[in-house]
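Please read the sequence and look at the structure below. The paragraphs that follow go through it part by part.

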Amino acid sequence: MLDMSQGYTTEDGRKIGGVVMEMKHITLRFGGVVAIQDISFDIREGEIRAIIGPNGAGKSSMLNVISGFYNPQEGEVWYKGALRPPMKPYQVARQGIARTFQNIALFEGMTVLDNVMTGRIRQMDAGLMAQALWKGRAEREEVENREAVEKIIDFLEIQHIRKTPVGRLPYGLKKRVELARALAAEPSILLLDEPMAGMNVEEKEDMSRFILDVNDEFGTTIALIEHDMGVVMDLSDRVVVMDYGKKIGDGTPDEVRNNQDVIDAYLGVAHD
Amino acid sequence: MPEQLIWGTEVVLNGLMAGVLYALVALGFVLIYKASGIFNYAQGVMALFAALTLVGIMEGQVPFSHLINAVFGTEVHHFGWHVPALLAILLTMVVMVVLAWAVNTLIFRHLVNQEPIILFMATIGLAYFLEGFGDIMWGSDIKKMDVGLPQGINLAIDDFTFNIFDYGFFIDNLDLVATAIAAALVFSLIVFAQYTKQGRAMRAVADDHQAALSVGISLNFIWVMVWSLAGFVALVAGIMWGTKSGVQFSLSLIALKALPVLMLGGFTSIPGAIVGGLLIGVGEKLFEFAIGSMIGGATENWFAYVLALLFLVFRPQGLFGEKIIERV
């Protein structure tokens with residue numbers, strides 16, 4: 001096992017810091033259905049943390065708990081060393097937890113640039129009157145935000161579609177715009193819900209590269225959900241494996257790969 | 001210049017002015033529809049309620065005086081003061097913001113994700129409630145509104161046209177003011193929606209609730225803001241209509257005229273509401289002038305609806321509405 005007390009160094013030499021978020025004994029129920037049962041794990045600064053599992057394992061539910069879309073019946077969420085009270089999703093977002101969605105949730109009628117700009121809402125606090133008069137701080141703020149956004153747009157190579165309404169873009173590009181919007185918030189934790197779902201091999205490779213680059217360039221902490229094992233093992237530093245709402249494995253990709261419970265969950269197990 | 005053409009020009013000008021008032025009401029519809037997908041049947045009643053409240057505050061009327069007198073056997077009607085127009089308008093706006101908050105908190109936040117028809121039914125309920133509430137609060141008598149807007153024939157235009165055509169155009173000063181105010185209102189609404197962060201957030205909420213939440217936008221805040229904006233537009237429309245024809249309960253019926261305006265302009269377009277309003281205004285005046293007398297007159301009552309029907313057949317998304325594309 002890795003030494004977890006002070007963070008650790010990855011195989012490729014990146015320094016991983018302290019715990020940013022810790023889930024303690026989370027249980028989430030929908031009526032009689034238990035979606036998540038007593039799961040604990042942590043997310044550390046600068047790492048790429050994956051949550052994997054077969055369909056219906058409760059991965060998306062877990063992501064929704066982290067981002068505040070669901071509030072668990074039991075358990076505690078600790079964020080930056082403090083216990084987080086039950087919150088609305090927009091409050092969680094303002095605390096610096098950005099996310100993307102499995103089925104893409106973009107503002108279809110708005111341009112790519114406007115979409116990414118909405119990601120900066122956390123960084124804008126000039127009042128309405130100040131903006132109306134377009135003076136001083138509001139102007140400076142707008143310029144700063146535009147610069148930050150343009151940098152991200154360059155980084156994700158979507159300059160050529162800056163002014164295109166999102167509704168007209170193909171699926172793969174939409175996924176990238178959604179990533180750009182989440183990144184624009186300069187989040188402490190970036191949550192990606194199946195970033196590779198529905199993509200072809202080439203698009204998957206592109207997306208993997210962007211995720212690694214984002215982590216590398218901005219030092220962003222990333223937690224992602226994926227059911228494609230191959231992709232996850234290449235990308236992530238540590239992996240949580242879920243099955244039927246329970247945690248059945250947690251560790252480096254190698255550790256997880258050799259975990260008998262994980263193998264059983266993915267390949268099935270002979271009942272005799 | 002032949003006489004018919006000169007008169008026609010005057011009719012068009014007057015039609016434009018009337019259209020501005022239609023457009024103002026339609027604008028309130030568009031704002032709420034865009035941001036929340038609610039077709040707000042109560043928009044016309046909101047204009048009425050705003051006008052009633054404004055007059056009530058200006059005149060120093062005691063709200064609910066009939067109710068109070070009936071229950072306690074008292075005889076209170078007036079506070080005995082007059083509030084200056086500008087202050088009264090500000091106070092009315094405060095009332096409209098409180099109303100916006102109450103409407104969202106008591107009704108619509110409980111109906112999130114419901115079918116459009118259910119939201120529509122809720123606004124019908126709201127319309128009747130607000131009409132009754134306005135009645136109890138301020139009384140049902142016709143009130144005169146005078147916030148100091150100029151009224152009567154514009155002599156400069158009368159003189160000017162008389163010198164050219166030998167025939168003076170009759171243009172009401174109030175209509176000119178209404179046009180200027182409506183133009184300013186539309187301009188500021190467009191700037192607000194396009195260039196401020198609240199405007200961007202409003203468009204975001206209109207587009208996708210989940211995505212809006214995920215970037216840190218509070219849906220309730222935006223909805224209250226939009227209903228307040230609609231309340232403000234209703235107040236402006238109420239002032240114009242009230243000054244023109246007195247504050248009376250038939251004011252709420254102008255909401256119906258906004259329907260054909262919206263079908264022409266499209267339910268989601270702010271410029272569309274304006275152009276639609278102007279087209280209806282000009283269209284119905286011109287039709288009455290040119291053809292009305294041949295078929296017995298009073299065409300203004302139905303012309304707008306027939307025009308809207310034609311649009312529904314040939315261009316259902318309106319002139320400026322987002323194109324309806326169904327992907328298969």
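This is a predicted model: local features need pLDDT of at least 70, side-chain atom pairs count only at pLDDT 80 or more; totals for chains, interfaces and linings use all residues.

With 19 C-beta neighbours inside 10 Å, A:A148 counts as partly exposed, because a residue is called buried if 20 or more other C-beta atoms lie within 10 Å of its own. A:A148 belongs to helix α5 of chain A, which covers residues 136–155. Leaving aside residues up to four places away in sequence, A:A148 touches A:R120 and A:A184. A:I26 is another matter: A:A148 and A:I26 are 122 residues apart in sequence, and their C-alpha atoms are 36 Å apart in space.

The assignment for chain A gives domain 1 (1–96 + 187–272) and domain 2 (110–186). The C-alpha centres of the two domains of chain A lie 27 Å apart. In their contact, domain 1 of chain A takes part with 10 residues and domain 2 of chain A with 10 residues. Which helix gives the largest share of the side of domain 1 of chain A that touches domain 2 of chain A? Helix α7 of chain A (residues 201–218) does, with 4 residues. By class, this side of domain 1 of chain A has 7 nonpolar, 1 polar and 2 charged residues.

Chain A also has sheets. One is an open sheet of 6 strands with mixed pairing, in the order β8-β9-β10-β5-β11-β12 of chain A. Its edge strands are β8 (97–99) and β12 (246–251) of chain A, each of which pairs on one side only. On average, neighbouring strands of this sheet are turned by 20 degrees against each other, direction ignored. In general, strands of a sheet pair through backbone hydrogen bonds, either parallel or antiparallel. Strand β9 (residues 189–193) and strand β10 (residues 221–226) of chain A run parallel and are joined by 5 bridges. A:L191 has A:A223, in β10(A), as its bridge partner. Strand β11 of chain A (residues 238–243) pairs with β12(A) in the antiparallel sense, over 5 bridges. In that pair A:M242 stands opposite A:K247 of β12(A). The hairpin of β11(A) and β12(A) has 2 residues between the strands, and A:Y244 takes a positive phi near 50 degrees there.

The other sheet to look at is an open one of 4 strands, with antiparallel pairing and the order β4-β3-β6-β7 of chain A. At its edges are β4 and β7 (82–83) of chain A, each pairing on one side only. Strand β6 of chain A (residues 74–79) is joined to β7(A) by 2 bridges, and the two run antiparallel. A:W78 stands opposite A:L83 in β7(A). Helix α1 of chain A (residues 59–66) packs on the sheet, where it touches β3 (19–30) and β4 of chain A. The direction of helix α1 of chain A makes about 60 degrees with that of β4(A).

Some backbone angles deserve a look. Most residues other than glycine have a negative phi. A:D38 is not a glycine, yet has a positive phi of about 50 degrees. A:D38 is found in strand β4 of chain A, residues 33–44. Is A:D38 buried or partly exposed? A:D38 is partly exposed, with 14 other C-beta atoms within 10 Å. B:A298, also a residue other than glycine, has a positive phi near 55 degrees. B:A298 sits in the loop between α12 (270–290) and α13 (303–314) of chain B. B:A298 counts as exposed, because it has 10 C-beta neighbours inside 10 Å.

The two chains meet as well. Here 17 residues of chain B are in contact with 24 residues of chain A. On the side of chain B that touches chain A, the elements that give two or more residues are α8 (197–207) and α9 (209–214) of chain B. α8(B) gives the most to this side, with 7 residues. The residues on this side of chain B divide into 6 nonpolar, 6 polar and 5 charged.

Of its 160 residues, B:A23, B:L24, B:A26, B:A51 and B:V226 touch the most other members. Helix α10 of chain B (residues 219–245) gives the most to this core, with 18 residues. Domain 1 and domain 2 of chain A both give residues to this core, so it lies between them. Not counting residues up to four places away in sequence, B:A26 touches several residues, including B:A258, B:V261, B:L262 and B:G265.

Definitions and conventions
Residues are numbered from 1 along each chain as its sequence is written. Chains are lettered from A and ligands numbered from 1 in the order in which they are written. A nonpolar core is a set of buried Ala, Val, Leu, Ile, Met, Phe, Trp, Tyr and Cys residues joined through C-beta atoms within 7 Å. A residue is buried if 20 or more other C-beta atoms lie within 10 Å of its own, exposed if 12 or fewer, and partly exposed in between; C-beta atoms are placed from the backbone. Domain bounds come from an automatic or database domain assignment. Two residues are in contact if their C-beta atoms, placed from the backbone, lie within 7 Å. Ala, Val, Leu, Ile, Met, Phe, Trp, Tyr, Cys and Pro count as nonpolar, Asp, Glu, Lys and Arg as charged, and the others, Gly among them, as polar. Two strands pair if DSSP finds at least two bridges between them. Axes are lines fitted to C-alpha atoms, for helices over the stretch in contact, and angles run from 0 to 180 degrees between N-to-C directions.
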